[in-house]
Amino acid sequence: MVGASSLIVVAFFMMIFAMLVVRSYPSIINDPLMAFGSTWDVNLGIYGGLPAILGTLASSAIAVAFAVPISLGMSIFFTEYAPKKVRAALSVTIDMLATIPSVIFGIWGLWVIAPFVKTYIQEPIIGSIGFIPLFSGPAYGLSLFLASLVLTFMIVPIISSLTISLLTSTPVELREAMISLGATRWEVVRHVALPFSKLGIFAAIILALGRGLGETMAVTMVIGNSFVWPFSSPSLFAPASTITSKIASELYEAVDVLHVSSLVGLGLILLVITLAVNLSARLIITRISRRNAAE
Amino acid sequence: MRLLSRRAKEKLIIAVLIALSGAAVIPLFWIIGSIVWNGVSVMSIEFLTSLPAPFGSSGGGIGNAIIGTLIINLFASGLGIPLGILTGIYLAEYAYDSKMGSAVRTIVESLSGVPSIVIGLFAFTLIVLTFRHYTGVAATLALGIMMIPLVAKATEESMRVVSNDLREAGMALGIPKYNITTRIVLSMAKGGVISGSLLAFARISGETAPLLFTALFSFYWPTGIDQPIATLQVLIYNYAISGFADWVAKAWGASLLLVLLVMTINVAVRTFGRKKCGGA
């Protein structure tokens, strides 16, 4: 019975692949290079996935770039400096942040953060260095930048919780050796704890990237769903789209078979990317636990 | 001079670390503050118990969405929790070291990494496209599949920490394997399995993406699991992006309820679990 249930789970996993391939078949036949088409126009029946794929990669990459210093800073403060009470408070906060549903980040991003970011971040930056295409205006609020910012808050708990457990497991002898040589706390972190955990932190970052790539609701609600980025304007402050935002905002009203199967095809691409990302993180983690077991 | 600069550097670094920690935790308070600030004002008995008012007229509520979320979650739990527990037992007791076991474990872990919208897409292609009908069944399937890896992992972990002495004592008494597993190991691991299942329930309560094109939405009371069903999550999305002040206010109210539900379960599991089994 337990074996049978495991087989059912394995079968579900296989069926996810099989169904997505079957249902995206019409679009693959129609245009095998759909992933590289730069135009998505439902009225003309042209379904090119490149803007959405680029939007997915860009929003997650920017979010990771924001989240890494925040998470590492928090984790180092947590493990090395924070008094016990502060530590307890921080750990509860991070755990609770991880439980907030994505759609809540979405409504908050849309109605609270978007006006804030527009007035206090986008407008000043566009006003001062807007001549650089990457920061050119106008300030819409809803943009690739906003989506990356909201994603950042969502992936910080993932990187932090893993990094904290890695930093805490640094061998005490190494720490004590450094301290006996007169090292400051930061020097212990810099020369012992971080080098010791760097592989694991890298795995945590990849896991967070995988989470960001597949994140749907918050991103759909704040990215602005423009299907021309980055071909109209490469600006971070321009509205863009992601694979997930396209599926979430179009699938329930798609009637054309080709439209539906193109969206399913995008989902298949997302599935392959996230599985590859997650498997590589898992490989690294297995290697670390083997190394730790060997020591 | 050298020592002083090292100390100065240390102070500077502490300041930077505190600022970064602040950046990590401020969003939580900001989100909760916004939800309470905007959500409390729409709370009323009518809001919690009545159907949405016809468009344009004020009043009305989200009663059908509250019931819808509970119905879909219960059916999803009926699928996901048993399959998750059985798979966890298989991984912990029957295939811990075998090749088959590690293959299943890899697949279960990969399943937890599949984006929720892709699982929703699977339910959509399998059920909605086949029967040409939006239905709560497809939503149930998607959320049920999402629960499996969470429950399986919690089950496997809490069964692995049960001491081998107990298993060996059982074997020495000639108790059959399935009885050792259920009567001894599983009863010891019960706490962990229950907390894992509750956390999985909380987790799917917030999932929205798989519901958008499966359960869809409805302005009426649920009549059957095979019909489109309104849920809190989809209501928040639809109302929040609609831009109508009245609907946006109701979306904040629904957000407050949803966050209360999810956080209550999480806090309860954490405090209760810690007391009972020394760390959840």
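This talk walks through a predicted model with chains A and B.

First, the ground rules. Residues are numbered from 1 along each chain as its sequence is written, and chains are lettered from A, with ligands numbered from 1, in the order in which they are written. Because this is a predicted model, local features need pLDDT of at least 70 and side-chain atom pairs count only at pLDDT 80 or more, while totals for chains, interfaces and linings use all residues.

Let's start with chain A. Its secondary structure comes to 10 helices and 2 strands. Helices here are DSSP runs of H or I with at least four residues, strands are runs of E with at least two, and both are numbered from the N terminus. Along the sequence, the pattern reads α-β-β-α-α-α-α-α-α-α-α-α. The C-alpha trace of chain A spans about 70 × 65 × 30 Å along its principal axes.

How much of chain A is buried? Buried residues make up 48% of its 295 residues. A residue is buried if 20 or more other C-beta atoms lie within 10 Å of its own, exposed if 12 or fewer, and partly exposed in between, with C-beta atoms placed from the backbone. Now contacts. Two residues are in contact if their C-beta atoms, placed from the backbone, lie within 7 Å. Take the contacts in chain A between residues at least 6 apart in sequence: 76% of them join residues at least 24 apart.

Next, the two chains together. 63 residues of chain A are in contact with 64 residues of chain B. Which helix gives the most to chain A's side? That is helix H1 of chain A, residues 2-30, with 13 residues. By class, chain A's side that touches chain B has 42 nonpolar, 18 polar and 3 charged residues. For the classes, Ala, Val, Leu, Ile, Met, Phe, Trp, Tyr, Cys and Pro count as nonpolar, Asp, Glu, Lys and Arg as charged, and the others, Gly among them, as polar.

One helix pair bridges the chains. Helix H10 of chain A (residues 257-294) packs with helix H5 of chain B (residues 116-131) at an angle of about 140°, with axes 10 Å apart. Axes are lines fitted to C-alpha atoms, for helices over the stretch in contact, and angles run from 0 to 180 degrees between N-to-C directions. H10(A) and H5(B) are therefore oblique to each other. The cut-offs: under 35 degrees is roughly parallel, over 145 roughly antiparallel, 65 to 115 roughly perpendicular, and the rest oblique. H10(A) passes H5(B) in a left-handed crossing. Left-handed means the near helix is turned anticlockwise from the far one by less than a right angle; clockwise is right-handed. From H10(A), the contact uses A:Val264, A:Gly267, A:Leu270 and A:Leu271. From H5(B), it uses B:Val118, B:Leu121 and B:Thr125. That gives 5 nonpolar, 2 polar and no charged residues.

Now a pair inside chain A. Helix H2 (residues 50-81) and helix H5 (residues 144-168) of chain A pack at about 40°, with axes 6 Å apart. That makes H2(A) oblique to H5(A). Their crossing is right-handed. Their contact has 21 nonpolar, 11 polar and no charged residues.

On to the core. The largest nonpolar core has 171 residues. Such a core is a set of buried Ala, Val, Leu, Ile, Met, Phe, Trp, Tyr and Cys residues joined through C-beta atoms within 7 Å. A:Val150, A:Val222 and B:Ile236 have the most contacts inside this core. H5(A) gives the most to the core, with 17 residues. Leaving aside neighbours within four places in sequence, A:Val150 touches A:Phe105, A:Gly109, A:Ile113, A:Ala218 and A:Val222.

Why is helix H9 of chain A, residues 243-250, largely enclosed by the rest of the structure? Because 7 of its 8 residues are buried. Among them are A:Lys246 and A:Glu250. The buried residues of H9(A) pack against H2, H7, H8 and H10 of chain A, together with H5 and H9 of chain B.

Last, two loop residues in chain B. B:Arg132 is not a glycine, yet has a positive phi of about 55°. B:Arg132 sits in the loop between H5 and H6 of chain B, and counts as exposed, with 6 C-beta neighbours inside 10 Å. B:Leu216 also has a positive phi, near 55°. Its loop lies between H9 and H10 of chain B. Buried or exposed? With 22 C-beta neighbours inside 10 Å, B:Leu216 counts as buried.
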